[in-house]
Amino acid sequence: MVEIEINNLSKEIDNNVKHVFFISPNYEDRSMGFLNHIVKLKNIKDIEVVVLKLQSQNYKVDILDDLKTNMYNYAIEILKKTKISTKIKELAYPDRYTIKAIEHLKRDYVNKDKHVIFDFSCLPKAIILDVCKTFFAKDACKKFSFTYSSPQSYPKIRHPQAIGEMKGMLTQKSISRLLDEYENGTLINFPSDLGYSGQLISDQVAKYTDFEQYLFIYMRRRSPLHSFDAMAGNSNLLSEAHKEWRNNIINHFSIQDGYRKLRDIIENIKSKVGSSTKGYLVLLAPFGPKPLIVGCFIMSEILKKSEIDVEIVQESSFQYSSVYSIGLDKTYLFKIDLIN
Amino acid sequence: MQQTLIQKILAKQGVNSEYIDTQNLISKLSLLELLQKYERYMCLDSSHSTKYIKRIETSLQFIPEEYQKVALTLFANVFYVGESILSDALVYLFKEIVALHDDNENHVVNSMHIFEVDPSGLIESFFRVNKIVGRLDSETFSRCKSVGEFITNLHNYMSCAKLQNNAALISNIKGLLKKDIWILLTDFSFSGTSLKSEIDKLVKLRDICFTQSKRPKIIVCVQIISTKSLEEINNKFGDEIHLVYAQIYNDRLRIVPKQVWKNEGKQLPQSLLFEQSNKIYLEVVELCKWFGSEYIDRDPDHAITLKHGQRSTLAFGYKDCGFTIIPQRNAPSNSLPILWYTPSKKFQQENNKNYIPPFPRTTSRVNQSTSGDKTHLEEIEKNKKELRKSLTLLK
C-alpha cells in the first residue's frame, strides 16, 4: 500500500486502460472529497463512476437521510455536467447486507482489464473489508487504488456509536470466544479518537497475560492539536501502555507511516513466531483512519500465508445519532500492489 | 479541608464548571500530567516538583490574581513532546527518505551523509532508532557532523598546504564528496533562523564542490517545524532542496498580538487554542504582555537576545513565534517565556522579585555570538575555482 499525492491522480490514469471509480456520497462533507478530484480530470477517455447509495430500512434518521439524498443528487448532477459516464447502485446496509452485494458490483462493473479506484471515506468497515476480499483476488482487476478524505473535525458532543461485544471480521466469531481458543498472541491497537473501542479490546486482551500489546498513536503531521485531543481521549489506555508495556507505544505521523510501522511489527512477529507455534493469535484492531483497515487486511493475508492465525477486530456497529464528521480536510490516494 | 491554589482559582467567580468543561481543563491537565509522569521534563532540578500540577501552582503564585485563571488555562494548552514521539519521528523521516528513493534502503544508507544543526546527538539517535549499522566506520560515514565542521575542514584544506596530506582531513572531505545525498537533520525549526542559515551554507558548499550536473541532493529533515519556518525556507530555497518534516505547527497555534500578524503581512487567524475562544486568546495575549513588561524585557541577561531578535519585546518568545510547545529535552526560546523563563540573579537583586516557570529552560545561546563560519565560507567562495579543481582529485 503506497500513498500517491492526490494531485498526481491524472498521472495514475493510463489512457489505454478503462477506469471504474466508486464513490459513496452520504451526509458527511468529506464524502465529496474524491468527486472534487474526479471532475478535475481532463482529456481522460475511459472513466465510469459508480455512485453507491447505502440504504438502511430499519435504522433511519430522517434529517441525516435528507442530507444524504441531497449530497447524492448533487454528486450525480456534477458528474452529468462534466459528461462522465455515471452508474447508480443502491446497496442495502446494514440490514440485509452480505458480501454478495460487493461481488455483484465486481461482476457488473469490473473485469481484469480495469483500474478500480474506490472511495473509502464514508464506507463502513465491513464493506471496506469485503471490497478488499473481492477486488484483491487474483485477476479481479488490473489495478486497485483507493481514496480517503479526512474531515476537518469531529463534532464535540458525540453519542456512543458502538454498543455490545466486539467481533472478528474474518471469522465472525466474538472476540472473547476467540481469545479462549488461544494461549498467546499479539494485539495491535489503532485506537479511535474517542478512546472507547481501543480501551475495550485492550481490557479484553489484558486478561490474558501472554498477550503482547502494541498501541499506535496517530500524531497527525498537520494537526498536532487534533493529535493531543485524541491522546486525551485515550489517556487511560496510554497510561496503561506506559505502565505495563511501555516499549510498545508507536507514534505514527501519517497513515502511510502507520502502515509501514505496522508492516515492520508483522515482519517481527513472523520471524519470532514462525508457523510451528500453534495457539498464537494476532489481533489487529484498526479503529483509527480507514486506510489502516486496508493495511490490516493486507497484513492478515501475509500472516495467513505464514500460517499464523489472525483476526481483525470490529466494534459492534450502531447507527450514528449525529453527523459523524465535519468538513473536508485532505484527500489521500493509495495504490495497492496486487501482485505481492 | 484546605483548598489548593488551583481549586481556589477554579472556585472563584467567573470560573464555574461550565468554563472548566468548555475549556476541557481537567482532560488537558491530566494528559500533561500523564505525559510528564512517564517522560519527565529534563530541565527540572531537585527543587522542582515532578508533578505538573504542583509546578503550575508554584508559577501561579507569582502571577497577579486577575491573570491567574487565564494563566492556568494557558498552562493546560501546552504541547508536551516526549522523547518517544521524537524518536518515532526519526523513524518516520528515514522511511520518507527511503520512499523518495524507490524504497531502496541500502541505496540510501550507502549514499547518505548526515549533518546536524547545532550537533547534540541527534545523528547518533537517527542511526540507532533506524538500525543503521556502521556509524563509526570512517570509510563509510565521514566524521564531519555539522556544516560548520565541513566549512572548517575545507578552509583548512584550502589554506594550509601541509594539511592537504593529512589523512584524517582527507578522509573526512572524501567521505562527504562521494555521497549523493546530503541530509541536514534538526529537531525543531520554529523561527527558521538557524535552519535557514545552515541550509544556505550547505547549498553554497554544494555549489563550490560540484558542478550543476553532479551535485548531491540536499534533504532537510526536521522533526517539528512551524508554518512560519517552512514558508520562509520554501520561499528562499524552492527546488534547491527537499524538505521532510514529521509534524508541523501552523499559525493558528501561535499566540501573538495583532501587531505581529500585521508585521508579518498576515490576517489575524482564528486560533485553534483555548477551544477556539477568541476572548481567552486575547486575555492570554494580555497576560504575556504583562509578563514581558514585568519580567523578561527588563532582565539584562536577555537584552542581547531581544536585540538579536530585532523585536521590541520577548513576551511572545524569540522572533514572536508565540508557541506553547515544550519538548521533553528543553523548552525552546520560541515558546512563550511565561512557560520557561527564570529571572537572572541580577534581575532578582535589582527588582527584588522572582518567577518560577513550569518548564525552566536551560539556555544554550546567551550572548548570541557567531561561529565564524560565515567568514571562512566567504574565503572559500573567493577561491572556489582552485578549490574545486583540487577537490576533483579527491573524488
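The questions below concern a sheet in chain A and a strand in chain B of a predicted model.

In this predicted model, local features need pLDDT of at least 70, side-chain atom pairs count only at pLDDT 80 or more, and totals for chains, interfaces and linings use all residues. Residues are numbered from 1 along each chain as its sequence is written, while chains are lettered from A and ligands numbered from 1 in the order in which they are written.

Q: Which strands stand at the edges of the open sheet of six strands in chain A?
A: Strands are DSSP runs of E with at least two residues, helices runs of H or I with at least four, both numbered from the N terminus. Two strands pair if DSSP finds at least two bridges between them. The sheet has mixed pairing and the order β7-β12-β11-β8-β9-β10 (chain A). A single partner strand each, so that one side is left without a neighbour in the sheet, is what marks β7 (167-168) and β10 (249-252) of chain A.

Q: What is the bridge partner of Leu284(A) in β12(A)?
A: Strands β11 (residues 280-286) and β12 (residues 309-314) of chain A run parallel, joined by four bridges. In β12(A), the partner of Leu284(A) is Ile312(A).

Q: How many residues of strand β3 (residues 181-189) of chain B are buried?
A: A residue is buried if 20 or more other C-beta atoms, placed from the backbone, lie within 10 Å of its own, exposed if 12 or fewer, and partly exposed in between. β3(B) pairs in the parallel sense with β2 (residues 112-116) of chain B over five bridges, and eight bridges join β3(B) to the parallel strand β4 (residues 217-226) of chain B. β3(B) is mostly covered, and its buried residues number nine of nine.
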